[in-house]
Amino acid sequence: MCDTWTCKYLCSCISMDPLPPQNHFTYIVSRPIYSNPTFEEDNQRQAREERTLRERLGLTCGCSGKRALKVVKGVFPVIDWLSRYPIREWLPSDVISGVSTGLVCSLQGLAYALLVSVSPVYGLYSAFFPILTYFLLGTSRHISVGPFPVTCLMVGSVVLTLAPDDHFLISVNGTGLNGTGAEVNTVDVEAMEAQRIMVASSMTLLVGVFQVVMGFLQVGFLVRYLSDPLVGGFTTAAAFHVLISQLRIVLSVPTDNHNGCFSVVYTLIDVFTNISQTNLADLVAGLLTIVIVVAVKELNAKFQHRIPVPIPIELIVTVVAAGISYATELESHYGASIVQSIPRGFAPAQPPNTDVLWNILGSSFSTAVVGYAVAVSVAKVYAAKHDYPIDGNQELIAFGFSNMFCGCFSSFVASTALSRTAVQESTGGKSQVAGMVSAMVVMIVILALGHLLEPLQKSVLAAIVIANLKGMFMQVTEVPTLWRQNRADCFIWLATCLASMVLGLDMGLLSGLVFEMGTVVFRTQFPACSTLGNIPGTNIYRNMKDYQNDCNSPIYFANIDYFKERLRATVGFDSVRVFKKRNKALKKIHKLIKKGKLKTGEVLSEVSLGVDNKGFEGERNGERETRKVDDGNWPVSEVEVHVDWALELPVRVSVPKVPIHSLVLDFSAVSFVDVVAVKSLHLVIKEFLRIGVHVYIAACDDEIIRKMEALAFFDVEITQGLLFLSVHDAILFIKLETANGGRHDAIVEKVRRWTFMLNK
């Protein structure tokens, strides 16, 4: 291409086909042929201002009252939201939610302590202490902080490795078969319990240190590399580990402690070898608990819109089982295994055992990553639902200090659980005040009510754990869908699941991550390459022989969040927030009209809201939900008022302005997409469509289009009509639509400037 040659005639013209139904328009463009230097010279490119290191440090580290207040609010988010806490509106709901969640926290704490192989009372501590620090440091309003089965099992595997039963055998005098004295080996339960909780609390402290360090280093983005298929495969394998570990408690049979490779197989062999020693009382209680809890949870899910509060089936089953065990004396009459001792009060603070820290570095780091990944994933789900931001790095710091605090008070790793968080949110929880109320409930159990649960059978607690695994086991149904849509994601799911079941959870997670990175490297280092050439007389390039190769860049799970962030920064507004604010304004306008305080003629009917809120989909499960306005239950579909959002509104609602009506995404550099990217892109486009902004995709490769079809990207609202051969085609189409529809050309110029280019 020549550097200096230019056309003598610079012109552009658009000629439209006289038959609009054919949607066939042609255009001719003539312009100079540019090299980069010539283009920069002709268009007077400005050099970027380069600041010195001292200037950048001065801007970053400068001190002022406003910046200091911002830093304090960043470190302690509670200062920001608690100062604006609407007591009359939120406090009653938070109290009700906190009481309900506190009861669930208490029971799950008792149950999950069995996974760590420590006394149930330490599970109560683990359900209490982390809430206190997260209240001050966390950014999520809805998650319930406390034990999570997967992290508990990861801690339990380390506990059994460093403090097995064999290390605490002592010899005591007994009576032999012939009546003579003999030495019998037995376990020193008190010493074993003390050592195990020391290992668990030391590991929890180390987990907290890892999370705090990662938070201060601002590496929260690393969790993005734990894709949905990887997390799904890992948690499914973890659920299988939890099931096997609790199976021996339900059957009440003796087994050896197994960890590492094939530990699941060895545990199953021990269970079936000793199955003749099954305690029928424990087995019946466990099976009945599983059936009842699963059945009632299904009813709660089915009738969640009809019942104000979910039935607290775990609490009911626990109280009834404890009462039956106490009344019938199951331990003395039938040899049932019961909780036995739940001491009142809190254990004194104690320092960690530094001797074991070096032996648990790898396991602590993997547990820190898993605990954070689960917690931030759940937090993002509810943050998107209730429209408030989540700071990933601050969440790392919050959970880090929570775990360090727990480690000093005989507790184990804190994360969150989707089931417990769902209870807190569904019962009306609005903020972490509900979490503090739940902590008070747990404290009451620790100080006053815990001894009432001493007759409770351990098989009932194990059954409650198993019943709460249903959601994780149901992830297996994702495998056929992943196989049809994207086999690489399916292989990631299967490889992570199998590795975690065979090698153990920590090594399985590492193996799954390595396998996932291998697929990413393979797909990004060896992308689909095509030979491109110019179609004579056009500016269209397609696959031809003897032309220069072009290599594309992907959109996938690791960069989709960055893509969405850059898109929001480019257009200058958040489409979800715009939609919610418009809904809120329309609700108030509707009320004014209904009360006769506003006439419909006073509302300029030029621009409508667009469409109903039916396009909003959860990013993790893709299920459609009917959204309501934040401060009421008034549905969007009842709004019939059309409003010009560019003008001043008759109500006091700050609605963000939308200065564009169209957006063009340049996909010329995209080489592949995965399941997560397609779901997110589908959601982004629908978010723009429902506020009246049309989205077009330009220069999309044929392979990408076929992949999008296979992943069900197109539907009734998002059709292949939004695809254009080039960005210029899309821009000219927008100008034609603007001319025919009466839109302002000034906005078209903004669209031209805001054409979004996705490159490496």
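**Briefing: a surface patch and a set of paired strands**

Helix H3 (residues 65–75) supplies the largest share of a nonpolar patch, namely three residues. The model is predicted.

**Nonpolar patch**
- The patch lies on the surface and consists of Val-71, Val-72, Val-75, Phe-76, Ile-79 and Leu-136.
- Together these residues have about 460 Å² of accessible area.
- Val-72 is located in helix H3.
- The relative accessible area of Val-72 is 37%, so this residue is classed as partly exposed, a class that falls between the limits of 20% and 50%.

**His-661**
- The loop between helix H24 (575–595) and strand E11 (662–666) contains His-661.
- The side chains of His-661 and Ser-662 are joined by a polar contact of 2.8 Å.

**Helix H25**
- Helix H25 spans residues 675–689, which makes 15 residues.
- From first C-alpha to last, H25 reaches 21 Å, close to the 21 Å expected at 1.5 Å a residue.
- Of the 15 residues in H25, 13 are buried, and the helix is mostly covered.

**Paired strands**
- Strand E13 (residues 694–698) is mostly covered, with four of its five residues buried.
- E13 pairs with E11 in the parallel sense over five bridges, and Asp-666 stands opposite Ala-698 of E13.
- E13 also pairs in the parallel sense with strand E14 (residues 723–724), over two bridges.
- In E14, Phe-724 stands opposite Ala-698.

Key:
Residues numbered from 1 in each chain as written. Predicted model: local features only at pLDDT ≥ 70, side-chain atom pairs only at ≥ 80, totals over all residues. Heavy atoms only, no water. Patch = residues over 30% accessible without salt bridge, like charges linked within 9 Å, V, L, I, M, F, W, Y side chains within 5 Å. Areas by Shrake-Rupley, 256 points an atom, 1.4 Å probe, with all protein chains shown as cover. Salt bridge = Lys/Arg side-chain N within 4 Å of Asp/Glu carboxyl O. Buried < 20%, exposed > 50% of the residue type's maximum accessible area, 1.4 Å probe, protein only. Polar contact = N/O pair within 3.5 Å; in protein donor to acceptor, adjacent residues only side chain to side chain. Expected span 1.5 Å × (residues − 1). Pairing = 2+ DSSP bridges.
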